[in-house]
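Q: Please walk me through reading this structure. Start with covalent links, then turn to packing and strands.

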Amino acid sequence: MSVQSEKYRQTIRTDISMIASTVLIATIVVLVQSAHGATSHSNSFDAIKGCRQFDNVPGYNDTQVYMATSSFANVGRSSNSRTFRIGIVGANDGIIRFGRSAYPYDETVVEVVIAGWKNTQSVARRQTRRRDHSYNNVLLTESSTPRLLSRSRPMVFRMEVFDNGRVQLTKDGERRPFFEYSDSQFAIPVDYIAFVKFDVDVNYFYDCPLQEEAVDTGDTSVLLRCSLA
């Protein structure tokens, strides 16, 4: 075999190897892009499809509208928790209250402030409110949550309320909660829920379809598509 023929064969093998490598890289890129497209929304508002909208939101000290969660179509249940999927659009201060009754005057409710203090931190409180709109707040926990909310896109998350007073808030597509607390001394159920604003307009999307059939949070929590009704 001549030296020229051998060099020709080596060149062909090199070209074939380069082509195979290029095809492999292209295939990996396509698979990654397909996986990303399957788990993300091309339009951020696609995340709230199927949700109910609550946009006539009362102010912090206005009369609240508490809705019975037993009327919701999309509630995740486990042996020790209930889960709700919620979306918020606003610059700051997404405020959720929940408790045992539709008119919880002189009763204690939970108040969760999401992205308060100009979209910098979130807190959970026990709140007792009287008919004259005076109230007492007891701080349960606070956490830094900078730039969590937006006026141009919904922040969609799951709120899981455990029977033992533990509450976890987890953003869509994430496993680890961005905010959580535990109040075993006063385990307040989420039988009724209200949405509130503070100093800016906020839109809420609630009773949203649950995206996952099952989520393991390490506390025997399993999401199931079902209703409390």
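Q: How many disulfides does the model have, and by which rule?
A: A disulfide is a pair of cysteine sulfur atoms within 2.5 Å. The count here is one. Cysteine 51 is joined to cysteine 208, S to S 2.0 Å. The link is right-handed, with 120 degrees about the S-S bond. Cysteine 51 lies in the loop between helix H1 (3–39) and strand E1 (52–54), and cysteine 208 in the segment after strand E13 (203–206), so the pair ties together parts 157 residues apart in sequence. Helices (H or I, at least four residues) and strands (E, at least two) are DSSP runs, numbered from the N terminus.

Q: What should I know about the model and its numbering?
A: This is a predicted model: local features need pLDDT of at least 70, side-chain atom pairs count only at pLDDT 80 or more, and totals for chains, interfaces and linings use all residues. Residues are numbered from 1 along each chain as its sequence is written, and side-chain values use heavy atoms, without hydrogens and water.

Q: Are cysteine 51 and cysteine 208 buried or exposed?
A: Buried means under 20% relative accessible area, exposed over 50%, partly exposed in between (1.4 Å probe, protein chains only). Both cysteine 51 and cysteine 208 are buried.

Q: Which strands form the open sheet, and in what order?
A: Two strands pair if DSSP finds at least two bridges between them. The six strands run E2-E12-E5-E6-E7-E8, with antiparallel pairing. Strands E2 (67–68) and E8 (135–144) are the edges, each pairing on one side only. Nine bridges join E7 (residues 121–129) to E8. Arginine 126 stands opposite valine 138 in E8.
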